[in-house]
Amino acid sequence: MNLVIPEINWSAIGPELTLSITAMVLLLLSVVASPTARRAIPYLSLLGIAFALLLCISLWGKSAYAFNRMVVLDNYALFFKIIFLITTALTVLMSIRYLKEQGYEHGEYYVLILFAAVGMMFMASAADLIIVFLGLETFSLAIYVLAGFFRAQPKSIESSLKYFLLGAFSTGFLLYGIALIYGATGTTNLKGIYEFVSKAPALTDPLLLIGMGLLIVGFGFKVASVPFHMWTPDVYEGAPTSITAFMSVGPKAAGFAAFLRVFLYALSPLQTDWIWILWVLAVLTMTLGNVVAIAQKNIKRMLAYSSIAHAGYILVAMVAADELGTASVLYYMLAYAFMNLGAFGVIILFGRKGEENVNISDYSGMAAKYPLLAAVMAIFMFSLAGIPPTAGFVGKFYIFSAAVKAGYIGLAIIGVLNSALSVYFYLRITVMMYMRSPEKEFAKLEPSPAMVIALIIAVFGTLQIGITPSHYLNLAKQSILALM
Amino acid sequence: MVSLSSYLILSAILFSVGVVGFLLRRNIIVIFMSIELMLNAANLAFVAFSRFLDSMDGQIFVFFVMAVAAAEAVVGLAIIMAMYRVKETVNADEMNLMKW
């Protein structure tokens, strides 16, 4: 028997390896180390993230396959990996004081966040549906646990349970879709699927079409697109706020990373079959997200619906599917990471044990007492609403101009109208902060240095990406060459 | 020899039973079992395709799915346990702290 040893190429998964090893060491440390040494765990995890980030930057521009064409290293994967690492780092920075205040200062929290990041990174660099599935499950399992991390709080555990049941349900659909695509094409390799599908363009194999539909269900769930969004508001409201922040960016970006690679690359010859489905999903997602967000009183729920709406904008860019459209998905994801994490950072800072301040009315009069914090929150709200000169504005501009350029003028008009609608509920918070008198006495805020650093990074990112957009758009354009 | 389509029909039936069970049953443990049934329906489809396409990929995929399903069972049962400690129920209708 002829045994071929596959090429391994460890360096291609350097960032993932770094994070995995860091996570395993920290897991051990959180068990055996003394309580004082355990306080170093968040800082050690930041060290691991920084090292992985450096590796990602040093790998930029290289392209290679690893593990017998299971994993691919290209700029597209690296761009998403950098987004995941920034998200993870900001989440860790925002969590340190929050966990202490809530009395859940356990090392596993950081270990699970790191493992979730590893799963997301594998999902972005998947060259085979097996890796898409494994990456998805790796980060999902970690986040199911993290959502219920405040395990004595009924809301937290309920959100964890809801996320787990619906997440596992959607995994079933994804897996069945993969099985049918495997049956139709005879391979799970994305390149193999692309070659098979492009050879027979007028293909009407029902197995392939049903499989494709099931994949849309599976990915649609992870990126929280309507009608697979039911879990989002409940899970976002109940989970620890730092995990809500992580969840609103990480899994969404990972979902889109794999969604784009599977649909815009492997299944691109079938574009006429799936593009109208995404068109409908984009319209539903944007409209429902924005309309329902207006009625929300809880700020975490409002941001949950806003995150649904943002998934809709990204779907618009996916429908456009040309160079600008795909690049604007990457650009928007980067901008969204900074602005959304920043907004959640302010919510974490403003709330505390016993006085959570999660209602929008709690923000009234905040500017008089904390002018700087209110200004920071206002920047994130302007960016989420898409007001220049922030990153959110440029992102939406790229997305809608890509849609117009690709001939989807109706879709672009619906998108712009939705964006106008969203200004109402984002600016309502700003109005509350600046133009109302406070309803109650605010307790003194003591921001931790880590939180201050996280907010500075988020503000800087939001403004920097918005003021010099062409640089980041060029990086995004370099990244998508692998898909074209 | 049993034909490929009979395997696929069986797997589709199992999958549908899983979906219907997930949507209709109210006991969280039974809902979880329905999810496992969906995963196993996919496994059956994988193995059947693998046999008839004469390729090993599908069978390898099944090993990964089984490992992931085991991990999922661990996490899922732990979450259900934690929830039972707080609320003393496994009825899905009583998961109603948050609604829109």
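Me: What makes Asp93(B) and Arg26(B) a salt bridge?

Reply: This is a predicted model, and in it the closest N and O atoms of Asp93(B) and Arg26(B) are 3.1 Å apart. The cut-off is within 4 Å for a side-chain nitrogen of Lys or Arg and a carboxyl oxygen of Asp or Glu, so the pair counts.

Me: Where in the chain do those two sit?

Reply: Asp93(B) is in the segment after α3 of chain B, and Arg26(B) is in the loop between α1 and α2 of chain B. They are 67 residues apart, so this pair links distant parts of the chain.

Me: Why is Asp93(B) called partly exposed?

Reply: Its relative accessible area is 46%. Buried means under 20% and exposed means over 50%, so Asp93(B) falls in between. Arg26(B), at 35%, counts as partly exposed too.

Me: Which residues are joined into one network by salt bridges that share partners?

Reply: Lys155(A), Glu158(A), Lys162(A), Asp234(A), Glu237(A), Arg301(A) and Lys87(B).

Me: How do you know that Glu158(A) and Lys87(B) meet in a salt bridge?

Reply: Their N to O distance is 3.4 Å, and the limit is 4 Å, so they qualify. This pair crosses between chains, going from helix α7 of chain A to helix α3 of chain B.

Me: Is Glu158(A) buried or exposed, and what tells you?

Reply: Glu158(A) has a relative accessible area of 0%. Buried means under 20%, so Glu158(A) is buried.

Me: Which residues lie nearest the centre of the largest pocket?

Reply: Lys162(A), Leu166(A), Met230(A), Trp231(A) and Asp234(A), out of 32 lining residues. The pocket has a volume of about 790 Å³. Helix α7(A) gives the most to the lining, with seven residues.

Me: How do the residues of that lining divide?

Reply: There are 23 nonpolar, three polar and six charged.

Me: Which residues touch the most other members of the largest nonpolar core?

Reply: Of its 229 residues, Phe80(A), Phe219(A), Phe256(A), Phe263(A) and Trp274(A) do. Helix α14 of chain A supplies the largest share, 21 residues. Among the residues that Phe80(A) touches are Ala124(A) and Met333(A).

Definitions and conventions. Residues numbered from 1 in each chain as written. Chains lettered and ligands numbered in written order. Predicted model: local features only at pLDDT ≥ 70, side-chain atom pairs only at ≥ 80, totals over all residues. Heavy atoms only, no water. 1 Å grid on protein atoms, 1.4 Å probe; cavity = no way out; pocket = protein on both sides within 12 Å on 5 of 7 lines; lining within 4 Å. Points joined across faces, edges and corners; volume = space filled by probe spheres on them. Helix = DSSP H or I, 4+ residues; strand = E, 2+ residues; numbered from the N terminus. Nonpolar A, V, L, I, M, F, W, Y, C, P; charged D, E, K, R; others polar. Core = buried A, V, L, I, M, F, W, Y, C linked by side-chain atoms within 4.5 Å. Buried < 20%, exposed > 50% of the residue type's maximum accessible area, 1.4 Å probe, protein only. Contact = heavy atoms within 4.5 Å. Lists of a residue's contacts leave out its neighbours within four places in sequence.
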